[in-house]
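Student: I would like to learn how to read helix packing, domains and a ligand shell. Can we work through one case?

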Amino acid sequence: MSADYEVAVVGGGLAGACAAALLARHAGIAPERIALLADTLPAAGAADAPPALRVVALSRASERVLRAAQAWDRLPSARLCPYERMCVWHESASPDGEAALCFDAADIGEPNLGCIAENGVLLRACIESFREAGGRLIHAPLASLAIGADAALLACGDGAAWSARLVIGADGAQSMVRARAGLAVRVRDYRQLAIVATVRTARPHANTAWQRFLASGPLALLPLFDGSCSIVWSADQPLARELCDCTGAQFNERLEAASGAALGATTLASERLGFALQSLAAPSYVTARCALIGDAAHVIHPLAGQGANLGLLDAAALCEAVAGAVARREDPGALGALRRYEQQRRTHNLLMDAAMSAFQGGFAAARGPAVWLVNRGLGLVNRSAALKRAFARRALGTGGELPRLARAGGAPLSGSG
Ligand SMILES: Cc1cc2nc3c(=O)[nH]c(=O)nc-3n(C[C@H](O)[C@H](O)[C@H](O)COP(=O)(O)OP(=O)(O)OC[C@H]3O[C@@H](n4cnc5c(N)ncnc54)[C@H](O)[C@@H]3O)c2cc1C
């Protein structure tokens with residue numbers, strides 16, 4: 001049976017939009033045989049608009065994947081903020097004291113450790129690259145999915161339907177694709193909200209990503225292109241609701257205290273949004289004709305800003321598996337090709353989830369002598385040039401086994417064009 005599409009990607013978030021662009025440019029499939037089904041599309045933003053609320057800290061590995069997707073060079077550089085330093089400290093310590101861990105891109109001969117970018121800007125660049133390559137963008141929500149022996153059948157609410165040899169579920173944590181494909185999921189509620197807002201600070205952010213571990217949850221201040229900071233403040237639900245509902249003046253006072261006044265007085269410059277936090281893991285990412293990527297497969301605590309980075313690596317690894325199948329003249333939706341993708345990504349993602357949960361639990365629970373240990377540990381790392389360099393390299397995300405499209409030089413896949 002011939003299907004309408006070789007691949008249909010469901011979900012136009014960062015993982016789905018980037019996967020679609022990578023496939024259209026590297027999989028060896030005619031781009032018009034690739035569909036991206038997106039229920040929402042990012043609105044065009046004015047060049048001088050204030051920073052959007054949703055931003056992500058992209059690693060160097062993610063930058064390489066976005067370059068391979070031919071999305072990176074479309075990003076407006078004036079709206080990106082490279083960060084050159086990271087500073088991490090416990091609430092019992094001071095950000096400029098001995099027990100704070102601060103590491104610098106210059107220590108490893110790099111211009112920066114990564115880049116803070118707005119989600120909308122990234123999505124627009126990926127979708128533009130996909131369309132320009134000749135991919136088919138369908139602006140509609142998936143309403144039903146049936147996985148058959150030869151193809152997956154996708155339908156929208158208005159009755160339009162298509163078949164595809166492979167369907168990629170990139171439709172986020174509540175994935176319909178995952179449910180319809182019968183893929184299980186384990187969910188753990190952190191009972192926390194992450195409050196996201198833009199703030200102005202009395203002192204310059206110094207192109208540094210600041211992270212303070214509080215007993216109530218981590219607080220990050222990420223540097224933005226216009227000199228302001230994006231905060232991600234995770235806290236248990238009652239406290240988080242209080243922080244969302246209090247007046248702006250009260251919020252400013254509490255934020256300055258919570259940040260240990262690392263950047264002086266803070267002033268709210270946007271609304272406050274709260275995101276419920278959970279850890280989610282699909283024990284299996286694939287079944288015949290279906291693969292999950294990004295938050296549809298795994299959601300981790302945002303404390304180290306890794307969720308989107310993992311989703312981009314999934315997109316690169318799945319593109320590589322599909323390109324391999326196409327080069328061998330195999331069916332891209334066959335389980336064998338998809339298992340190669342799962343093997344490459346699942347353990348890596350599980351380890352990251354475990355590390356984030358341990359960090360979150362460990363720092364939050366640290367009391368009495370444990371606080372001394374945490375501070376001593378951070379202080380010891382801070383005094384060791386070799387350990388600091390290791391942390392800086394880890395922040396770049398370029399260690400370990402990476403998909404080829406995330407490696408230096410972006411080794412081309414067969415069929416790349
Ligand atoms: C507060 C916070 C801060 C974060 N900060 C960082 C950070 O600094 N760095 C980082 O790497 N990660 C960060 N993350 C994580 C990151 O935002 C997510 O991991 C990432 O956005 C997930 O992308 P995705 O494309 O997999 O899913 P999503 O962004 O959820 O996209 C899924 C898409 O699918 C669409 N969709 C859903 N159902 C359907 C349907 N039926 N039909 C069609 N389309 C559908 C949705 O509308 C959406 O567009 C943060 C997360 C939070 C909560």
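Tutor: The axes of α1 (14-26) and α7 (307-327) come within 9 Å and cross at roughly 30 degrees. The model is predicted: local features need pLDDT of at least 70, side-chain atom pairs count only at pLDDT 80 or more, and totals for chains, interfaces and linings use all residues. Residues are numbered from 1 along each chain as its sequence is written.

Student: How are helices and axes defined here?

Tutor: Helices (H or I, at least four residues) and strands (E, at least two) are DSSP runs, numbered from the N terminus. Axes are lines fitted to C-alpha atoms, for helices over the stretch in contact, and angles run from 0 to 180 degrees between N-to-C directions.

Student: What describes a packed pair in general?

Tutor: Two packed helices are described by the angle between their axes and the distance between the axes. Angles under 35 degrees count as roughly parallel, over 145 as roughly antiparallel, 65 to 115 as roughly perpendicular and the rest as oblique. α1 and α7 are therefore roughly parallel to each other.

Student: In which hand does α1 pass α7?

Tutor: The crossing is right-handed. The rule: left-handed if the near helix is turned anticlockwise from the far one by less than a right angle, right-handed if clockwise.

Student: Which residues of α1 and α7 meet?

Tutor: Contact requires C-beta atoms, placed from the backbone, within 7 Å. From α1 come Leu-14, Ala-15, Cys-18, Ala-19, Leu-22, Leu-23 and His-26. Their partners in α7 include Ala-308, Gly-311, Leu-312 and Asp-314. By class, this contact has 14 nonpolar, two polar and one charged residues. Ala, Val, Leu, Ile, Met, Phe, Trp, Tyr, Cys and Pro count as nonpolar, Asp, Glu, Lys and Arg as charged, and the others, Gly among them, as polar.

Student: At what angle does α2 pack on α7?

Tutor: About 45 degrees for α2 (residues 60-68), with the axes 9 Å apart. α2 and α7 are therefore oblique to each other. Here the crossing is left-handed. Ala-61, Ser-62, Val-65 and Ala-68 of α2 touch Asn-309, Leu-312, Leu-313, Ala-315 and Ala-316 of α7. That contact has seven nonpolar, two polar and no charged residues.

Student: How do the axes of α1 and α3 cross?

Tutor: At roughly 25 degrees, coming within 8 Å; α3 covers residues 119-133. α1 and α3 are therefore roughly parallel to each other. α1 passes α3 in a left-handed crossing. Among the α1 residues in contact are Leu-14, Ala-17 and Arg-25, and α3 brings residues including Leu-122, Cys-126 and Phe-130.

Student: Which domains does the assignment give?

Tutor: Domain 1 (5-80 + 115-187 + 279-406) and domain 2 (190-277). Such bounds come from an automatic or database domain assignment. The domain centres, taken over C-alpha atoms, are 26 Å apart. In the contact, 15 residues of domain 1 face 21 residues of domain 2. β3 and α8 (335-365) each give two or more residues to the domain 1 side.

Student: Which residues come nearest the ligand?

Tutor: A residue is near a molecule if its C-beta atom, placed from the backbone, lies within 6 Å of it. Of the 32 residues around the ligand, Gly-13, Gly-172, Gly-294, Gly-305 and Gly-307 come nearest. α7 gives the most to this shell, with four residues. The shell has 17 nonpolar, twelve polar and three charged residues. Domain 1 and domain 2 each contribute at least three residues.

Key
Two residues are in contact if their C-beta atoms, placed from the backbone, lie within 7 Å.
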